[in-house]
Amino acid sequence: MNRIRMLGRNLGVAAVAFALLGAGTLGAPAQAATNITITLQMWSGPEGVAMRPIVARWNKEMSPGTGITLVETEPSRDGYDALITSQLLSRSGTPDIVFPFNWDIPRVASAGTLVDLNPYIRKDPGAFKMSDFFSVAVDAANINGHQYDLPLDMSLPILYYRKDLIQTPPATWDDVVTMADQFTRSRNAKSPTLYGTTLYGRTGRAEPAQLWEEIYWPFGGELMDAGFHSTIANEAGVKATEIGRTLVAHGDVPQPVTNYEYPQVLAALTNGSVAFIQEWNAAWGQIIDKSQDPTYADKIGYAPIPGIASGGTIKRFYHVHTIGLAVNASSKHVAEAVRVLAWLESPDVAVEYTVAGGNTPRKSIFNSAAVAKVRPGFQSWLAQQVSCCGQLEPKLAEMPDIDDLIMNKYLNGAWAGQLQPMDALSKAQAEINALLKKDGVQK
Amino acid sequence: MGAGKLPLAAASPGTGLPALAAPGRMSRLWARFAQPRYVLLWPITFILLLITVYPFLQALRESFYGVTIQNYFSAPFVGLQNYAMALQDQAFWASLGTSLIYVVGSVSVEFLLGLGLALLVSRPLWGKRILITLLIAPMLVAPVLIGYSFLLQLDPLYGPVPYWIAQYLRFTFGGQGPLGPAYALPTVMAVDIWQWTPFMFVLLYAGLQTQPAEVVEAAHVDGAGFLRLLVQITLPLLRPVIAVAVLFRTVDAFRVFDSIHVLTDGGPETATTTISVFIDHTAFLAGNFGEAAAVSVLLIILVTIIARVLVRALFGQQIAVTR
């Protein structure tokens, strides 16, 4: 009896202990049956900031009638891909709507973690107005006929330059090197800037490879052949790599380039350290915002990305990718999440998002007086550039591995002078082919 | 014997009544851990097991499957293939080499600096308490914040560190900056040393305070100088504390990830790709969770072996005496 009493007493103590612990860790009380919260995960940057007034608008205008409350989260850019991957694979159901890069779509979609939007689009085409999107942007997340996201932002690197210092921005990549020399103080004591330009070399990110493509493609190079064999170790690849290598060797770019990605590259221009940069179109909103760029907001212009002189014209290509909105297949409110997604991607909301700093690839944006007022000419100019010269990477699940690890490592090695360009590209090509062969992609 | 009844022993002397047998080992354990003071620990023990043992078992399981992001929910069993791939991967061995350099270099310097600081602060000093508080401040900050702080401080364009080094030491890092290819590994080690020397200092300082004063006085009376006192009295008496401090820091230095991820993410190229960074890249950039899990298990085995060696080397005398 004593032992039973002791056991009973101890179980009671344990129950109290668990209850005390549980009281601190249990979530909020269950919501009313008619009130559903949908979590939208953006990321820290101009896109997240641009989405805030949109979310506020939903909660003010749409929430009372739909019973859906929208909550936005903005995690850090660092480790963002890993975060989304972990969230989707955990099948926790949160967040309901994610904001993935198109290059992440093939592999997370293969795991069945994203909702195919096609059935919803077919059921209510008026809600989505797919014909208003740029087809290249929609195609970026269409895998084997399944539409896994709708593009919220379209990204392409363009040229930003100090129009108070440069009358004619560089039109070719050779012009880039010449002009970078001219605006680097260690090479030209009279240069008004410390460096000519920057080089996007951040370790573990795809940008070094993506910006390199804008030099490689005009030289006539292709990333892969029809059988998905890498074909970068060629004369075009060497010439493209030599541009970055020359900039580093001449001291035309701040070092180390492996620490430079979006914020650092943009800051180098907006604080007057460099004369021109190759940077994503999303930066334009920040550049012309005097509260963020008080000194140089009026002194920076944009221009087409440089290319190669060919037959009297400039042959150029833009690497294009999208960041879209996708629905988590484990969401507990898939239908509601799709409904919110459709509203967020609607033409009317897309205009407001673009005015706030986004870049939704809808044709109706370019006819919008509201957009023209804040960015006169910019959106229509972007549309022209994409239409003429935009190019996507192959839609392979291996692209993050290829760009973030393999190409990043070897391009940085070549730029730093530690590898000869052909050696670096040959090694990269061999590793890429080994990877694609191992995964059964190559035909 | 009836169910639930204890076996009967011989009658208790003088009573004629049968005596209960001595409680078995399980019963003694239950009686001990069923006391309220232990029962209150059950919830936190359960949670700790959940957040440490369960993930380890999950990683161990994944290491035997060909888990990638694409086939995460339908991965095939591959046996030891992930381990074989890792052991044949040059990048794995390179990252292990980088980790060894990082651990040996950082922990050695942290120990020497921590010991030096502890010896200095052990003397009578004005404002000692404030000094100690300032000295231990770095280790109170999350490593990821230390990483972001130094990312700004070390920037060649805006950072004060390269500026002051160029001004006063006339050293410009070859134009690459402190995080350039040739200097990245020593720089991230320096950041680690800056943050974790206080840990060594705290333990060694506490150890010095417990040293018997009469032993030190006797050594002085015998004419022992500072160096002889240090080598023959102080350090031997401090050995258990040194063992604990070095062991903890060694294990921690193998696991370092946050600050390196923020500062360089393993770059330039693979200059600062330690084993933890390699695991992160294998899992989330290459999308190969199976191989990453296998490398994690190999890391646990390696750190366990190193910890055992350290314990034997540093605690050897104590263990021999105890036995």
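Q: In this predicted model, which residue ranges make up domain 1 and domain 2 of chain A?
A: The domain assignment of chain A builds each domain from two stretches of sequence. This being a predicted model, the ranges apply to predicted coordinates. They are 36-148 + 321-391 for domain 1 and 157-319 + 394-438 for domain 2.

Q: How far apart are the C-alpha centres of those two domains of chain A?
A: The two domains do touch, with 20 residues of domain 1 of chain A in contact with 17 residues of domain 2 of chain A. Their C-alpha centres, though, are separated by 27 Å.

Q: Which element gives the largest share of the side of domain 1 of chain A that touches domain 2 of chain A?
A: Elements giving two or more residues to that side are α2 (46-66), α4 (105-110), α16 (378-389) and β14 (390-391) of chain A. By class, the residues there split into eight nonpolar, seven polar and five charged. The largest share is five residues, and the element behind it is α16(A).

Q: Are α17(A) and α18(A) roughly parallel or roughly antiparallel?
A: Helix α17 (residues 399-415) and helix α18 (residues 421-438) of chain A have axes that come within 8 Å and cross at roughly 165°. Angles over 145 degrees count as roughly antiparallel. So α17(A) and α18(A) are roughly antiparallel.

Q: What handedness does the crossing have, and how many nonpolar residues are in the contact of α17(A) with α18(A)?
A: The crossing of α17(A) past α18(A) is right-handed. Residues making the contact include I402(A), I406(A) and L411(A) of α17(A), and L425(A), I432(A) and L435(A) of α18(A). One polar and three charged residues also take part, while the nonpolar ones number twelve.

Q: Which helix of chain B supplies the largest share of the side that touches chain A?
A: The contact takes 31 residues from chain B and 37 residues from chain A. On the chain B side, α2 (36-39), α3 (42-62) and α13 (275-285) each supply at least two residues. That side has 18 nonpolar, eleven polar and two charged residues. The largest share, three residues, comes from α13(B).

Q: What distance separates the centres of the two domains of chain B?
A: Chain B is divided into domain 1 (24-62) and domain 2 (82-322). Taken over C-alpha atoms, their centres are separated by 32 Å.

Q: Is A142(B) buried or exposed?
A: A142(B) sits in the loop between α6 (128-136) and α7 (143-153) of chain B. From A34(B), 108 residues away in sequence, A142(B) is 37 Å away in space, C-alpha to C-alpha. Because A142(B) has 11 other C-beta atoms within 10 Å, and 12 or fewer counts as exposed, A142(B) is exposed.

Key. Residues are numbered from 1 along each chain as its sequence is written. Chains are lettered from A and ligands numbered from 1 in the order in which they are written. This is a predicted model: local features need pLDDT of at least 70, side-chain atom pairs count only at pLDDT 80 or more; totals for chains, interfaces and linings use all residues. Two residues are in contact if their C-beta atoms, placed from the backbone, lie within 7 Å. Helices (H or I, at least four residues) and strands (E, at least two) are DSSP runs, numbered from the N terminus. Ala, Val, Leu, Ile, Met, Phe, Trp, Tyr, Cys and Pro count as nonpolar, Asp, Glu, Lys and Arg as charged, and the others, Gly among them, as polar. Domain bounds come from an automatic or database domain assignment. A residue is buried if 20 or more other C-beta atoms lie within 10 Å of its own, exposed if 12 or fewer, and partly exposed in between; C-beta atoms are placed from the backbone. Axes are lines fitted to C-alpha atoms, for helices over the stretch in contact, and angles run from 0 to 180 degrees between N-to-C directions. Angles under 35 degrees count as roughly parallel, over 145 as roughly antiparallel, 65 to 115 as roughly perpendicular and the rest as oblique. A crossing is left-handed if the near helix is turned anticlockwise from the far one by less than a right angle, and right-handed if clockwise.
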